[in-house]
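Please look through the model below.

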Amino acid sequence: MDKMIVGIGEILWDVFPERKVLGGAPANFAYHGSQLGLKGYAISAIGNDSLGMEILSSMADKQLDYILESTDYPTGTVQVTLDDLGVPCYEICENVAWDNIPWTRQLGELAQRTEAVCFGSLAQRSEVSRTTINQFVDLVPESALKIFDINLRQHFYSKKLIHNSLMKCNVLKINDDEVKAVSGLYNWNSLPERDVCRQLLNDYSLKMLILTKGTQGSFVMTPLKSDSFFPTPVVRVADTVGAGDSFTGAFVAAILSGKDIGTAHQLAVEVSAYVCTQHGAMPELPDKYLKSLQ
């Protein structure tokens, strides 16, 4: 396809009790999109340290293009613990490299060639990275997909941040727990979950809203009210880290290849279910998925 997609924000090491794996939602998105035929770029920052050098080596191994500025801050890490169902809990270190993504001329040039960009709330917790992310999204062509994967973590978000991001995006990806959090911020607690999503879709003039509900399935909603729903496949879960990012990457890859929403949704569900059977956020996908968009 050779269509340019960008994940901009955090890149880090997910540190499990027995191992560490490369992660960060924007990088996960770019990687899975690139596996499915897109030209994916991860934009973030690393430290001038051994963990940063390991990230560069890992990116080369995965053949993922990147712009990772070296900073004087430590490379990001997240301590991950899993419950009995493989659902992660994150302890995210602060004041790290990806909090300090600098703006460069190279980013401006890349933004203007981007056909889909994915960004979240987490990397906007610091002013430096928030400014860079917003400047990049503003330069992406209006015809592009601008996906706000809300990705609420710990206390690193506010209603103002969410509102500003929703004003810049045209696609929102949100899960059922995040719908509850947003409902509280907007005083919509009396509304059913789907009504909250419909309110967000209409109030912010979104092209699409993707609602994922774990084992209960997922929806893709549009202004035409022709919602797409797919149940979540039953699989043996290793962990669910990065499953949502693979969903977004697969969905965008299918849409940019000309597939309809239903077909794109089905591929996204299948890819994310497979990722749940693997350890870490960036497993290699089987050939059947890689060939599905050719």
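Two strands pair if DSSP finds at least two bridges between them. Helices (H or I, at least four residues) and strands (E, at least two) are DSSP runs, numbered from the N terminus. This is a predicted model, in which local features need pLDDT of at least 70, side-chain atom pairs count only at pLDDT 80 or more, and totals for chains, interfaces and linings use all residues. Residues are numbered from 1 along each chain as its sequence is written, and side-chain values use heavy atoms, without hydrogens and water.

Nine strands form an open sheet with mixed pairing, in the order β5-β4-β1-β8-β9-β10-β11-β12-β13. β5 (65-71) and β13 (228-230) are at the edges with a single partner strand each, so one side of each has no neighbour in the sheet. Strands β9 (residues 145-149) and β10 run parallel and are joined by 3 bridges; D149 has K173 in β10 as its bridge partner.

Helix α2 (residues 50-61) lies across β4 (39-47) and β5, at about 170° to β4. Angles run from 0 to 180 degrees between N-to-C directions, with axes fitted to C-alpha atoms, for helices over the stretch in contact; contact means heavy atoms within 4.5 Å.

A pocket is an open set of points on a 1 Å grid over the protein atoms alone, where a 1.4 Å probe fits, with protein on both sides within 12 Å along at least five of seven lines. Its volume is the space filled by probe spheres set on the points.

| Pocket | Volume |
|---|---|
| Largest | about 1,400 Å³ |

Of the 49 residues that line the largest pocket (an atom within 4 Å of a point), V87, P88, N175, T240 and G244 are the closest to its centre.
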